[in-house]
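This report goes through one structure, moving from its strands to its rings and charged pairs. Please keep the sequence and the 3D view open while reading.

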Amino acid sequence: MSFYQRTHPKKTKRRDTIFNFQKQPINILIITAISILLLSACGGNTSNESAAEDDNPNSLDMGQISWEENIAITNMWKFILEEEGYEVNLHLLDIGTQMAALENDELDISPEIWLPVQDAEYVAQYEDAINFSEETWYDNAKVGLVVPAYMDYLDSIEDLNANKESLNGEITGFDAGAGTMLVVEEAMEAYELDYELTASSEPAMLTALQQAITNEEDIVVPLWNPHRVFSEMDLKYLDDPQNIFGEAEKIHHATRQNFHEDYPEVDQWLKNWKMDDEQIGELMSYVSEAENEGKEALEGAEKWVNDNRNLVNQWLEK
């Protein structure tokens, strides 16, 4: 039985249509090449060379997404690995481009893969070309559509059509192509929602959410745990009677083919990696505080690692 079948035995539909553009080799190379040339990594260096062809045998290329927990964990691993003698280049790329880059040996690691639902389409498409870990580093993830708690008349996704006018028929989203955004599209179809899903970025979505709450306006957004925003704003998940978003998600990591042979030590450390709600929440807070003070995200990650040496040493088997 394949990894995909074990983690997500049902849905394989839509990948033939949604990912058609990624099945064209020329487009993959163009998209990946342009993204890597233009990327600007948060807290890290960038590289135009493929991971497999890097002249430095201790150089690692890690994908990064502009999500708060992803910025936190990638900078955490950059600090940890560089303490251990590796050079880590962080590449700010959307998840679809990361998958293509892993397939083409242009990345070594993509550290955040949500299963069994959110990123299942990518596993279905790339499972023969990428190593998706059996191990998980976070086991209590949740995803769904979220509204401010003061919207007490709206409790279920099924209620959205009846409140289309107050919400301007819009679901305010984030990165186009993100696994969660694809599941939102699936939910819109399943619930026959007469809505438009707008794509932007996580920071833009959170800004829109904060502005709506400040003005006590209606808004609906896709969100997930772990996320610091739930400790800062009074929010609630909408019920999902059809279970489109699934139950609790688990977060895995992915590596390029042969990574375990080229970097056996790092491969094992990633498999040992495990965090709970308190630990990931504290890490995100440290990184956010550093950035709010005009510092690099890496400085917040360094502070967290220094405060959690016993945990990190468990991952590193020290």
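A residue is called buried when its relative accessible area is under 20%, exposed when it is over 50%, and partly exposed in between. The model described here is predicted.

Strand S10 covers residues 249–256, and seven of its eight residues are buried, so the strand is largely enclosed by the rest of the structure.

Strand S3 (residues 109–115) pairs with S10 in the antiparallel sense over five bridges. Strand S4 (residues 130–132) also pairs with S10 in the antiparallel sense, over three bridges. Ala254 in S10 stands opposite Ser110, and Ala254 stands opposite Phe132 as well. Strand S5 (residues 138–148) runs antiparallel to S10 and is joined to it by two bridges. Ala141 has Glu249 in S10 as its bridge partner.

Eleven salt bridges are found in the whole structure. One of them joins the side chains of Asp108 and Arg256, with an N to O distance of 2.6 Å. Asp108 lies in the loop between helix H5 (95–103) and S3, while Arg256 belongs to strand S10, so the pair ties together parts that are 148 residues apart in sequence.

Are these two residues buried or exposed? Asp108 has a relative accessible area of 0%, which is under 20%, so Asp108 is buried. Arg256 counts as buried too, because its relative accessibility is 3%. Asp262 joins Asp108 and Arg256 in a network of salt bridges.

## Partly exposed salt bridges

Lys164 and Asp194 form another salt bridge, their closest N and O atoms being 2.5 Å apart. This pair links distant parts of the chain, 30 residues apart: Lys164 is in the loop between S5 and strand S6 (170–172), and Asp194 is in the loop between helix H7 (179–190) and strand S7 (196–198). Lys164 is partly exposed at 30% relative accessibility, and Asp194 is partly exposed at 49%.

A further salt bridge connects Asp307 with Lys303, where the closest N and O atoms are 3.7 Å apart. The two residues are four apart in helix H13 (residues 297–307), so about one helical turn separates them. Asp307 is partly exposed, with a relative accessible area of 46%, and Lys303 is partly exposed at 43%. The charged end of Lys303 also sits over the ring of Tyr286, 3.7 Å from the ring's centre.

## Aromatic rings

The structure holds twelve aromatic pairs. In one of them, the ring centres of Trp137 and Trp273 are 4.4 Å apart and the planes meet at 5°, so the pair is stacked.

Trp137 is buried at 1% relative accessibility, and Trp273 is buried at 0%. One aromatic cluster is formed by Trp77, Trp137, Tyr138, Trp273, Trp304 and Trp315. Elsewhere, Lys142 lies over the face of Tyr237, 4.6 Å from the ring centre.

## The buried side of helix H11

Which residues of H11 are buried? They are Val266, Asp267, Trp269 and Leu270. These residues cover an arc of only 160° around the axis, so they lie on the same side of H11. Among the elements that cover them are strand S1 (59–64), helix H4 (68–83), S3, S10, helix H10 (259–262) and helix H14 (309–315).

Note on methods: Residues are numbered from 1 along each chain as its sequence is written. This is a predicted model: local features need pLDDT of at least 70, side-chain atom pairs count only at pLDDT 80 or more; totals for chains, interfaces and linings use all residues. Side-chain values use heavy atoms; hydrogens and water are left out. Buried means under 20% relative accessible area, exposed over 50%, partly exposed in between (1.4 Å probe, protein chains only). Two strands pair if DSSP finds at least two bridges between them. Rings of Phe, Tyr and Trp (its six-membered ring) pair if their centres lie within 6.5 Å; planes under 30 degrees apart count as stacked, over 60 as edge-to-face and the rest as tilted. A charge sits over a ring if NZ of Lys or CZ of Arg is within 6 Å of the ring centre and within 35 degrees of the ring normal. The arc is that of the directions from the helix axis to the C-beta atoms. Contact means heavy atoms within 4.5 Å. A salt bridge is a side-chain nitrogen of Lys or Arg within 4 Å of a carboxyl oxygen of Asp or Glu.
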